[in-house]
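Biologist: I'm new to reading structures, and I'd like to learn how to pick out features. Can you walk me through this one?

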Amino acid sequence: FHISFSGIVNYPKALDVQEAAKLVPLDRLLIETDAPYLAPVPYRGKRNEPAFVVETAKRLAELRGERLEAVAEATTRNWHLLCLPGAKRNS
């Protein structure tokens with residue numbers, strides 16, 4: 001199974017969500033927008049847009065102690081494996 005995180009991971013009081021984000025294996029991690037709701041910090045309270053997903057990725061990378069590029073590559077690959085028939089997982 002995969003676990004997906006939305007802008008909530010950026011909320012200061014979402015400590016349980018942040019702890020969970022640290023534990024999910026990178027090859028099972030996904031990011032979602034929840035647009036038009038639950039915009040990440042610094043857009044909280046505004047209409048959420050798919051372009052804001054980068055803020056969620058930045059926060060996940062920070063929490064996990066990983067490079068943003070590594071999280072972006074992994075979550076893109078994970079989406080392809082989950083949603084595109086015939087995609088193959090790297091060993």
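Predicted model: local features only at pLDDT ≥ 70, side-chain atom pairs only at ≥ 80, totals over all residues.

Biologist: Where is asparagine 48 in the chain?

Modeller: Asparagine 48 sits in the loop between E2 and H2.

Biologist: Is asparagine 48 buried or exposed?

Modeller: The general idea is to look at relative accessible area: under 20% means buried. Asparagine 48 has 1% relative accessibility, so it counts as buried. Its side chain also reaches the backbone oxygen of leucine 38, at 3.5 Å.

Biologist: How far is asparagine 48 from leucine 30?

Modeller: You can count that along the chain or through space. Asparagine 48 and leucine 30 are 18 residues apart in sequence, and their C-alpha atoms are 18 Å apart.

Biologist: Now helices. How do H1 and H2 cross?

Modeller: The axes of H1 (residues 15–23) and H2 come within 9 Å and cross at roughly 70 degrees. That is why H1 and H2 are called roughly perpendicular to each other. On the H1 side the contact is made by Gln18, Ala21 and Lys22, and on the H2 side by Arg59, Leu60, Leu63 and Arg64.

Biologist: What does arginine 64 touch?

Modeller: Not counting residues up to four places away in sequence, arginine 64 touches Ala21, Lys22, Val24, Pro25, Leu26 and Leu29. A polar atom of its side chain lies 2.7 Å from the backbone oxygen of alanine 21. There is also a polar contact of 3.3 Å between the side chains of arginine 64 and glutamate 66.

Biologist: And is arginine 64 buried or exposed?

Modeller: Arginine 64 has 15% relative accessibility, so it counts as buried.

Biologist: Which residues of H3 are buried?

Modeller: In H3, the buried ones are Ala70, Val71, Ala74, Thr75, Asn78 and Leu81. They lie on the same side of H3 because they cover an arc of only 125 degrees around the axis. These buried residues pack against strand E2 (29–31) and helix H2 (53–64).

Biologist: How far does H3 reach?

Modeller: H3 covers residues 68–83, which is 16 residues, and reaches 22 Å from its first C-alpha to its last. That is close to the 22 Å expected at 1.5 Å a residue.

How values were computed:
Residues numbered from 1 in each chain as written. Heavy atoms only, no water. Helix = DSSP H or I, 4+ residues; strand = E, 2+ residues; numbered from the N terminus. Expected span 1.5 Å × (residues − 1). Buried < 20%, exposed > 50% of the residue type's maximum accessible area, 1.4 Å probe, protein only. Arc of directions from axis to C-beta. Contact = heavy atoms within 4.5 Å. Polar contact = N/O pair within 3.5 Å; in protein donor to acceptor, adjacent residues only side chain to side chain. Axes fitted to C-alpha atoms, helices over the stretch in contact; angles between N-to-C directions. Parallel < 35°, antiparallel > 145°, perpendicular 65-115°, else oblique.
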